[in-house]
Amino acid sequence: MRYINDDLIEKTILITGGAGFIGSNLAFYFQENHPDANVVILDMFRSGETFSNGNLKSFGHFKNLIGFSGEIISGDINDRELLSRLESDYKFDYIFHEAAISDTTVLEQDLMIKTNINAYKDLLDLAVAHDANMIYASSAATYGNAESPQRVGREAPNNVYGFSKLSMDHLSREYMKKKSISIVGLRYFNAYGAGEYFKNSTASMVLQFGHQLLAGKNPRLFEDSDKILRDFIYIGDIIQANIKAMQPKESGIYNVGTGKARSFQDIVDILQKELDTELTCEYIPNPFIGSYQFHTEADITTTREALGYEPSFEMEDGIKAYVGEIKRIYATEVKQ
Ligand SMILES: NC(=O)c1ccc[n+]([C@@H]2O[C@H](COP(=O)([O-])OP(=O)(O)OC[C@H]3O[C@@H](n4cnc5c(N)ncnc54)[C@H](O)[C@@H]3O)[C@@H](O)[C@H]2O)c1
């Protein structure tokens with residue numbers, strides 16, 4: 001489904017983080033709906049390197065791009081030489097900036113700030129040099145435990161990841177004031193959908209519960225999971241927001257959620273129905289109390305107004321659309 005009329009003929013689109021979950025979905029969106037666009041992916045791809053929390057330093061995976069026929073560059077957004085080569089060798093019309101340390105539990109503040117904020121500034125300068133539209137990934141983590149519904153302007157990040165995304169937003173506002181390019185920051189809430197498996201333990205609970213059920217294991221939820229509510233958003237709506245952000249009414253920072261809070265218990269209940277299982281839920285104490293979001297719900301009023309964004313997947317619809325892929329991944333990756 002196309003969200004804009006422009007064919008994007010002879011347009012060049014850079015997707016940073018294009019081997020990751022959201023970036024690879026964007027790449028395929030363009031390939032399928034705007035085949036005349038020239039899509040270039042820049043991603044660090046995974047090495048074996050890990051952070052002190054034991055998780056991989058980058059989740060990019062070639063399997064997310066099987067079938068993609070555009071250009072792929074393996075590189076680090078912190079590499080200024082690489083960015084200046086991109087500036088001289090290409091002329092980008094749009095930059096979708098998805099590359100980041102996306103793991104909210106990473107503790108290395110130095111690398112988080114460098115990768116998420118400082119490299120973003122260099123990419124903003126590239127966008128200015130090319131007169132390209134910048135559409136970048138901010139996050140609902142900017143809100144921390146701020147009161148629901150979360151609104152732009154009422155942030156309270158409670159980890160360095162959320163802090164880094166909020167700093168990206170501050171920087172963007174400075175550029176919006178001084179420069180003439182279009183800049184749109186998208187504060188994604190909890191995304192789920194095809195392409196997230198290679199995020200390992202940081203993949204959504206939709207996928208993780210799905211695989212527990214397929215393995216015949218009792219789903220393990222935190223105690224009071226019927227009262228832990230989040231705005232879970234299906235990848236189809238994340239893509240819609242990104243594409244509409246190519247032609248915003250005005251630059252700005254916008255929430256991307258469904259506008260509805262749903263519980264972790266809902267996820268399991270919907271999955272059990274879709275997968276035709278009746279396993280007994282087990283409840284375990286929540287070890288993250290203090291650094292955990294207990295209620296998120298995006299206020300999407302300004303997103304609707306500025307982008308014409310309208311969420312089209314309730315959680316029931318998103319899980320229904322995703323369940324075939326959850327089974328495929330289970331059969332081809334997990335059971336192997
Ligand atoms: N998935 C969500 O629920 C969610 C929610 C809010 C915000 N976000 C943000 O959206 C963006 C995309 O997230 P995702 O879920 O697709 O995560 P992801 O980890 O799958 O994708 C990020 C990609 O960036 C690449 N990358 C990391 N560091 C890099 C570097 N230094 N140079 C080049 N590439 C690098 C990784 O290899 C990976 O492919 C991220 O900025 C993330 O912070 C995601």
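Predicted model: local features only at pLDDT ≥ 70, side-chain atom pairs only at ≥ 80, totals over all residues.
Residues are numbered from 1 along each chain as its sequence is written, and side-chain values use heavy atoms, with hydrogens and water left out.

Let me start with the charged pairs. The structure holds 19 salt bridges, a salt bridge being a side-chain nitrogen of Lys or Arg within 4 Å of a carboxyl oxygen of Asp or Glu. One of them joins the side chains of Glu174 and Lys178, at 3.7 Å from N to O; both residues lie in helix 4, residues 160-178, and they are 4 residues apart, about one turn of the helix. When I say helix or strand, I mean DSSP runs numbered from the N terminus, H or I of at least four residues for helices and E of at least two for strands. Glu174 is partly exposed at 33% relative accessible area, whereas Lys178, at 63%, counts as exposed. Those words have cut-offs: buried is under 20% relative accessible area, exposed is over 50%, and partly exposed is in between, with a 1.4 Å probe and protein chains only.

A further salt bridge brings together the side chains of Lys227 and Asp224, at 3.6 Å from N to O. Here Lys227 is exposed, with a relative accessible area of 56%, and Asp224 is partly exposed at 47%.

Which parts of the chain does the salt bridge between Arg262 and Glu316 link? The two side chains meet at 2.9 Å, N to O, and the pair links distant parts of the chain, with Arg262 in strand 12, residues 262-263, and Glu316 in helix 9, residues 315-334, 54 residues apart. Arg262 is buried, at 18% relative accessible area, while Glu316 is partly exposed at 35%. There is also a network of salt bridges, which links Glu155, Asp169 and Arg187.

Now to the buried residue. Gln265 is found in helix 7, residues 264-275, and is buried at 12% relative accessible area. If we leave aside its neighbours within four places in sequence, Gln265 is in contact, meaning heavy atoms within 4.5 Å, with Leu221, Ser225, Asp226, Cys281 and Tyr283.

Finally, the helix pairs. The axes of helix 5, residues 205-214, and helix 9 come within 10 Å and cross at roughly 60°, the axes being lines fitted to C-alpha atoms, for helices over the stretch in contact, with angles running from 0 to 180 degrees between N-to-C directions. Helix 5 and helix 9 are therefore oblique to each other, given that angles under 35 degrees count as roughly parallel, over 145 as roughly antiparallel, 65 to 115 as roughly perpendicular and the rest as oblique. On the helix 5 side, the residues that meet helix 9 are Val206, Leu207, Gly210, His211 and Leu214.

The axes of helix 1, residues 21-33, and helix 6, residues 235-244, also come within 10 Å, and they cross at roughly 65°, so helix 1 and helix 6 are roughly perpendicular to each other. In this contact, Phe21, Ile22, Asn25, Leu26, Tyr29 and Phe30 of helix 1 meet Ile235, Ile238, Ile239, Asn242 and Ile243 of helix 6.
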